[in-house]
Amino acid sequence: MITSFAVWLEATAVSRAVTHYSWIWPACETLHFMGLALLIGNVGVLDLRLLGAVKRLPVAPLNRLIRWGILGFAINLLTGLVFFVGAPTQYVNNIAFAFKLLFMALAAVNLLVFYLFGVARAVEALGPGDDAPLSAKIIAATSLFLWIGVMFWGRMLPFIGNAF
Amino acid sequence: MAFLAWLSGSPVGEWVSGSTWAYPGLLFVHTLGLGVLVGLNAAVGLRLLGFAPNVPVADMEPLFQYMWAGFWVNAVSGSVLFIADAPKKAVNPSFIVKLVLIALAVWVMRALKRHAFPQSGTSNGVVSRGARLLAAVSLVLWGGAITAGRLMAYTAALK
């Protein structure tokens, strides 16, 4: 069923436009890598801080940087959609793509745990040099692992899977 | 040219082109290094440009260690990727542009550390005009390096 949807999508005008204009794919790839850097860098600063690596940074002001990580995610969601619409059949039966989506979903769950269980509020008060609680460290390490994993599966799309 | 061919035929070159996992593995490591280096550089640069004004600049300094780690991971993984495909990559215009942009970006990164992170570590509030300019230039240079790197896959075919 998902395969027939992909076949249908690939025959649409919008899908063909993506592959017809030869600049769209490289342009979106470039943006996808910039988005990747924004996401991993800005979220990474908070994760590293919670893990104790840049411990002198107070936590609350880092929230402003998280916005840039969210921007990176938005860029990648959008450009990722362009890839999917442009060549859906190379993703729907691609094991690396499935794992990439799974890791993104787990990252979302991790984020929900961070915000809904009071951990985000607890770390907000951490000043220069304060040690983060273990729960926050586990969430930060999980976040790094999952986003690096998303990157790994994305890179494996053409190798373990069948994407170009 | 003979040297480039020798490189790709060397044991390292043979290993990358012969093994199933070396090439994808190196690409992943190279992407990870990019994310760490350019991503943390973006965080520091955005702070210097005034986007997260309450983050104390001086306390961001340890991030440079991680940026350098990302840089060296990519210098090594990039060199190995180059060795495996030296004759083609050496004449790829995007590759040349990428190297130039990285050289400039690294130079700016070192200048940034000197200007924006004085040894005293006390000045937090005001970011000097020069530091802001360097921060903006570094964002543009790394963005350019990413662009040139991505386009390598497309400009190689022109030859």
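Author: Before we start, buried here means under 20% relative accessible area, and exposed means over 50%. Keep in mind that this is a predicted model.

Reader: Okay, then is Asn110(A) buried or exposed?

Author: Asn110(A) sits in helix H6 of chain A. Its relative accessible area is 11%, and the cut-off is under 20%, so Asn110(A) counts as buried.

Reader: Let's zoom out to chain A. How many helices and strands are there?

Author: Read from the N terminus on, the elements go α-α-α-α-α-α-α-α. The C-alpha atoms fill a box of roughly 55 × 30 × 25 Å along the principal axes. The tally for chain A is eight helices and zero strands.

Reader: On to charges. How many salt bridges are there over all chains?

Author: Side chains of opposite charge can pair when their charged atoms come close. The rule asks for a Lys or Arg side-chain nitrogen within 4 Å of a carboxyl oxygen of Asp or Glu. Over all chains, the count by that rule is six.

Reader: Which residues are linked with Asp131(A) in a network of salt bridges?

Author: Asp131(A) meets Lys55(A) at 3.6 Å, N to O. Asp131(A) also meets Lys137(A), this time at 3.1 Å. Asp131(A) therefore takes part in two pairings, and the residues linked with it in the network are Lys55(A) and Lys137(A).

Reader: How many residues apart are Asp131(A) and Lys55(A)?

Author: That salt bridge between Asp131(A) and Lys55(A) spans 3.6 Å, N to O. The pair links distant parts of the chain, with Asp131(A) in the loop between helix H7 (119-124) and helix H8 (134-156), and Lys55(A) in the loop between helix H3 (24-51) and helix H4 (63-86), which puts the two residues apart by 76.

Reader: Is Asp131(A) buried or partly exposed?

Author: Lys55(A) has a relative accessible area of 31%, and Lys137(A) has 21%. For Asp131(A) the value is 44%, so the residue falls between the two cut-offs of 20% and 50% and is partly exposed.

Reader: Now chain B. Which residue forms a salt bridge with Asp85(B)?

Author: Asp85(B) is partly exposed, at 28% relative accessible area. The closest N and O atoms of the pair are 3.6 Å apart, and the partner is Lys89(B).

Reader: How far is Lys89(B) from Thr155(B) in space?

Author: Lys89(B) is buried at 16%, and Thr155(B) counts as buried too, at 17%. In sequence they are 66 residues apart, but C-alpha to C-alpha the distance is 9.9 Å.

Reader: Which side chain joins that of Thr155(B) in a polar contact?

Author: Thr155(B) lies in helix H7 of chain B, residues 129-155. Setting aside residues up to four places away, Thr155(B) touches Asn92(B), Pro93(B) and Ser94(B). The polar contact is 2.6 Å, and the partner is Asn92(B).

Reader: Last one: which helix of chain A do the buried residues of H4(B) pack against?

Author: H4 of chain B has 22 residues and reaches 32 Å, close to the 32 Å expected. Its buried residues include Phe64(B), Met67(B) and Phe71(B). Within chain B they pack against H1, H2, H3, H5 and H6, and from chain A the helix is H3.

Terms used. Residues are numbered from 1 along each chain as its sequence is written. Chains are lettered from A and ligands numbered from 1 in the order in which they are written. This is a predicted model: local features need pLDDT of at least 70, side-chain atom pairs count only at pLDDT 80 or more; totals for chains, interfaces and linings use all residues. Side-chain values use heavy atoms; hydrogens and water are left out. Helices (H or I, at least four residues) and strands (E, at least two) are DSSP runs, numbered from the N terminus. Buried means under 20% relative accessible area, exposed over 50%, partly exposed in between (1.4 Å probe, protein chains only). Contact means heavy atoms within 4.5 Å. A polar contact is a pair of N or O atoms within 3.5 Å; within protein, one must be able to donate a hydrogen and the other to accept it, and residues adjacent in sequence count only if both atoms are side-chain atoms. The expected span of a helix is 1.5 Å times one less than its number of residues.
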